[in-house]
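Hello,

Here is the structure we talked about handing over. Please open it first; my notes follow below.

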Amino acid sequence: MASYTSLDPATFAVLTSSFFRIADEMGINLLQSARSTIIREARDASCALLDASGQIIAEAEHIPVQLSSLSLPLKACLRKHADRPIRPGEVFVTNDPFDGGQHMQDITIFSPIFWGDELVAFAGSIAHHVDIGGSSAGLTYDAKESYQEGVLLPSLKVDLERDFQPKGMLHDLIRVNFRAPDVTIGDLRAQLAASHTGEVRLKKLIERYGLDVVRTAMRDSLDYSERLMRQAIEAVPDGTYEGVDQIDDGVFTPRPIKVAVAVTVKGSDAYVDFTGTDPQVPEFLNAPYGSTLSTTFSCIKMALGGEQTPIPANEGCNRPIHVFAPYGSLVNPAFPAAVRARMCPAYRIFDALLSALQKAVPGRIVAQGFHVNTTSGFSRFADGRYSIFIEDIGGGWGAGPRGDGADMIDEPLSNCKITPIEAIEFDHPFLMMERYELIPGSGGPGRH
């Protein structure tokens, strides 16, 4: 390890581990503080620590598809507001699928961390909000363009004292456009609580080790992950490996919608090309570029990551992976494409990549499992207020070369939990669950 850093191995190991523990603790505070069941119980949220330039330093063990491209929206915010540096008390807020984000329900907050007057890092959190306006409550399955899917927050710089208090711009925008604004505001405050945790913990590290040492550990941790990722890719035979998958049909598209991918391995680099994928569709089944990147990075890390030497999940992992997604296609749609159900094409990307990688490293890839979103959504308007419930139901992973798959858990890209029935009925008393169970043998026969 000493060859990857100028720090002594013990200090480097302690600091890199601390960065991940900071992200994990941020997540604990976010989940325990949230109002909605989809965040508090199902854990549809993620946290990360990023450096001042927008690179991911450490991802919490949360949702891969939210985290692996989290640098994109932060870099978009930094570019947009480059004419005036961010100041203490300001945060970036965005949900823009066409500028680094994914779908608009995932609102991302980046809070700056200063040491004195110097910007050192950002505490980042992304959380799924049950309703952000749009044409219908919770789910907008019949949307044909993003305008119908909700309120777009285009890489905003927000002064918390001015804009996020009653009569403030962001507060009042949410109050009049979102159907359950109290829940949304509560969840956003939980994200800010996570940011505060990240700031306090990182400053403790700087107090103990000094700013220069902490920055060196940040930089070298990225190089360390990159080298491990390159070693994993280098072990794959050079060549081009292709995979294809498809969405059976859409709400308005009565035909299969294809995802095609070619993975070319050259030495320690992997080139992923989605040429041949179908054009974007006039419905909510498009995957923004950020979702395509996250899915690709996550799938390759899962498939090739070493069992003996786990690769720390940060920006360094992504450096050897080069992605081309044709603009205007299903996997890189042009505004104002609808993207609410972006996980449907994301899993077709995931499975197409698995098919390609199976040819590259046979015997190491898991079977394709329950890789699809099965989502239930219910809403009720009574006494002048909306109550909105959304639940994604997982079905398990496919079997691997050495054993059975996992039953009744969320898919690999999502990593959410099942919401307890008691929490559903307490928060949404208009719902009553009569039966919820695992059916033995429903996975079908197979070698494992």
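Start with a helix pair. Helix α1 (residues 9-33) packs against helix α8 (residues 211-234) at about 85°, with the axes 9 Å apart. Axes are lines fitted to C-alpha atoms, for helices over the stretch in contact, and angles run from 0 to 180 degrees between N-to-C directions. That makes α1 roughly perpendicular to α8 (the term covers 65 to 115 degrees). On α1, the contact (heavy atoms within 4.5 Å) uses Thr-11, Phe-12, Leu-15, Thr-16 and Phe-19. Among the α8 partners are Val-213, Met-218 and Tyr-224.

This is a predicted model: local features need pLDDT of at least 70, side-chain atom pairs need pLDDT 80 or more, and totals for chains, interfaces and linings use all residues. Numbering runs from 1 along each chain as its sequence is written, and side-chain values use heavy atoms, without hydrogens and water.

Next, Asp-427. Asp-427 sits in helix α12 (residues 421-427); helices are DSSP runs of H or I, at least four residues, and strands are runs of E, at least two, numbered from the N terminus. Asp-427 is partly exposed, at 26% relative accessibility (buried is under 20%, exposed over 50%, partly exposed in between, with a 1.4 Å probe and protein chains only). Its side chain makes a polar contact with the side chain of Arg-40, at 3.1 Å (N or O atoms within 3.5 Å, one able to donate a hydrogen and the other to accept it; residues adjacent in sequence count only if both atoms are side-chain atoms).

Last, Asn-286. Asn-286 lies in the loop between β9 (269-273) and α9 (289-304). Asn-286 is buried, at 0%. Its side chain reaches the backbone oxygen of Val-281 at 2.9 Å, and that of Glu-283 at 2.9 Å.

Best wishes

How values were computed
Angles under 35 degrees count as roughly parallel, over 145 as roughly antiparallel, 65 to 115 as roughly perpendicular and the rest as oblique.
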